Every structure is written in C-alpha cells, then in structure tokens.
Amino acid sequence: MSKEKFQVPLPSEEIMQQQIQKIVKEGVKPKESFLTFIKSMYKQIGLRHLFSNRAGYVFTLFTVIILLSTYIFSANKAIYKVEDLYAFIFLFSPIVFLVFSLYTYMTKVMNTTFEVEMTCKYNVFQIIAFRMLTFSVLSIFINTIAILLMAMFYEQIDFMRAFMISTTGLFLFSILFLYSFMRRHSFLTMITAVVVWFIGNLVFNAINKELHTGVLIQLPLFVYGFVFICTAFLYVRFLNRLIHYKQKEGAY
C-alpha cells in the first residue's frame, strides 16, 4: 500500500505576524514606570507592612529632633551668624533621611530572612527604595517645620533661602548615598558616603569659609530651584534603578 501523504497548510504571513505579536504581548510585560510601580506596591502591601517596625522609626525620629533642637535652640542667639546657620542647615538637612535609611538597611541585613525576602514579589531593594522615597518626603516636611521654628527664633534667617538650601542639600546627599549603596551593598560603603558628606563640607568650610558661605547666601533662588529640580530628577532615577535591581545578574 502506498503511503498517503498529508499536507499541512501553512498559515499566511499575516496570521503568523499576528500570532507572534500576541505571544510577545502576553509573554513580555512592559517595564513599569517608577510612579506606577510605587503606586502598585503601596496598594498591594500597604504602609502598615512597609513600615512594620513603626515604634523604632518614631523613637529614632524623636531622638534626632531632640538632639538637634537642644543644639540649636538652647544656645544664645548672638553666638550664631547667619552664614553659620545656613551652613548648619545645608550640612544637617539629610539627617532624618540618613538615620532612617541606615536603620532600615541594618534591620534588613540583620534579619535572617534576607535571602528569602529577595525571592518575594517585592524584594528587599524594592522595599528599601519605597522607604527611601518616603524618608525623603518626610525629611522635607520635618526640615520645613524646623526652618520655620529657626526663622522665628533667628530673625536674620530668610525662610525661602533656608528652605531651598535644605532641600538642595537633602537631594545632593541622597544621590551620593544611593550611588554608594548601589555600587556596593555594604554598611561600610554607606558609612563612607556619610563621612564624605560631613567631612567634605567641614573641610571646605574650614579651607575657604568665604566661598562656602558666600555660595549659600548669595546664590540666586532661581539657581537653587534649578539645582533642586535636577537633583530631585536624578534621585528618582536612582530609585528607579534600585527597584529594577536583578538579583541573579547583580546588575541594574
């Protein structure tokens, strides 16, 4: 008996292209934008679980506020010059962000479930990115209140200039901190970034105080606004890279 030949009709080029597009659409998910990702994380997890150790954060916050308030408001107003106050605001503007970020990282690393959490839908670095964004917003809010109180206590302070100095300093430090963290995930690396920020500012002020304070006092506000927008944009970009961290490849 002769074997019967079966012929399978090939689909047309149009049908093949449609099927290819369908497979790609269903198999390859588009990369979420930063705001969409943050919003999705907030809805699915909620602040209650994102900040589970709220007592620790509250205690840390009050400790920082008390220490800084004691230093600023307990001394005689006459001993502080306006340039020294602006330098202090710039130097310590990221303190809330810094303390909370270090506290978050330390608790995560010391947690024995670190490796397990890296396999979850939202890994450790994505949680840290969300918290850092929240810390920066909280820092701006707390710094604004602190500047208002300082402006009431020290009449020579211009609130708008102090506010722009504070926010600019906050985002400059945040970029330095995030860059160091993303280069190498270690506590020592982050401490190095902190040392560079504080020692760098103090050394600059000691070497050329006129230039250091002159920039803070004389720089036009619109320049501060431009720097603020640029640094905020870079900060969000760094956070976006952090939330898309790939554990297997170890890259962003």
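Ala146 is found in helix α8, which covers residues 124–153; helices here are DSSP runs of H or I of at least four residues, and strands are runs of E of at least two, numbered from the N terminus. The model is a predicted one, in which local features need pLDDT of at least 70 and side-chain atom pairs count only at pLDDT 80 or more, while totals for chains, interfaces and linings use all residues. Residues are numbered from 1 along each chain as its sequence is written, and side-chain values use heavy atoms, with hydrogens and water left out. Ala146 has a relative accessible area of 31% and is therefore partly exposed, given that buried means under 20% relative accessible area, exposed over 50%, and partly exposed in between (1.4 Å probe, protein chains only).

The secondary structure of the protein chain consists of 12 helices and 0 strands. In order from the N terminus, the elements run α-α-α-α-α-α-α-α-α-α-α-α. Of the 252 residues, 40% count as buried. The chain exposes about 15900 Å², of which carbon and sulfur atoms supply 67%; accessible areas come from the Shrake-Rupley method with a 1.4 Å probe, and for residues only the protein chains shown count as cover. Among the contacts (heavy atoms within 4.5 Å) with a separation of 6 or more, 78% are accounted for by residues 24 or more positions apart.

The average pLDDT of the protein chain is 76, and 70% of the residues score at least 70; pLDDT is the predictor's confidence in each residue, from 0 to 100. Where pLDDT is low, the predicted coordinates should not be read in detail.

Helices α9 and α10 pack at an angle of about 150°, with their axes 8 Å apart. Axes are lines fitted to C-alpha atoms, for helices over the stretch in contact, and angles run from 0 to 180 degrees between N-to-C directions. The crossing of α9 and α10 is right-handed; a crossing is left-handed if the near helix is turned anticlockwise from the far one by less than a right angle, and right-handed if clockwise. On the α9 side the residues that meet α10 are Gly169, Leu172, Phe173, Leu176, Phe177, Ser180 and Phe181, and their counterparts in α10 are Thr189, Met190, Ala193, Val194, Val196 and Trp197.

Helix α10 (residues 187–207) has 21 residues and should span 30 Å at 1.5 Å a residue, which agrees with the 30 Å between its end C-alpha atoms; the expected span is 1.5 Å times one less than the number of residues. Buried positions of α10 are Thr189, Met190, Ala193, Val194, Trp197, Phe198 and Asn201. An α-helix has 3.6 residues a turn, so residues three or four places apart point the same way. Val196, also in α10, is partly exposed at 48% relative accessibility. With residues up to four places away in sequence not counted, Val196 touches Leu176 and Asn201. Val196 and Leu176 are 20 residues apart in sequence, and their C-alpha atoms are 9.1 Å apart.

Thr168 lies in helix α9 and counts as buried at 3% relative accessibility. Leaving aside neighbours within four places in sequence, Thr168 is in contact with Tyr224, Val227 and Phe228. Tyr224 is one of the buried residues of α12, together with Gly225, Thr231, Ala232, Tyr235, Phe238, Leu239, Leu242 and Ile243. Helix α12 (residues 221–243) has 23 residues and reaches 33 Å from its first C-alpha to its last, close to the 33 Å expected.

Tyr105, in helix α6 (residues 95–110), is buried at 8% relative accessibility. Apart from neighbours within four places in sequence, Tyr105 is in contact with Ile128, Phe181, His185, Ser186, Phe187 and Met190. The C-alpha atoms of Tyr105 and Phe187 are separated by 7.9 Å, the two residues being 82 residues apart along the chain.

Gly214 lies in helix α11 (residues 209–218) and is buried, with a relative accessible area of 16%. Not counting residues up to four places away in sequence, Gly214 touches Lys209 and Leu219. Gly214 and Glu83, 131 residues apart in sequence, are 8.0 Å apart from C-alpha to C-alpha.
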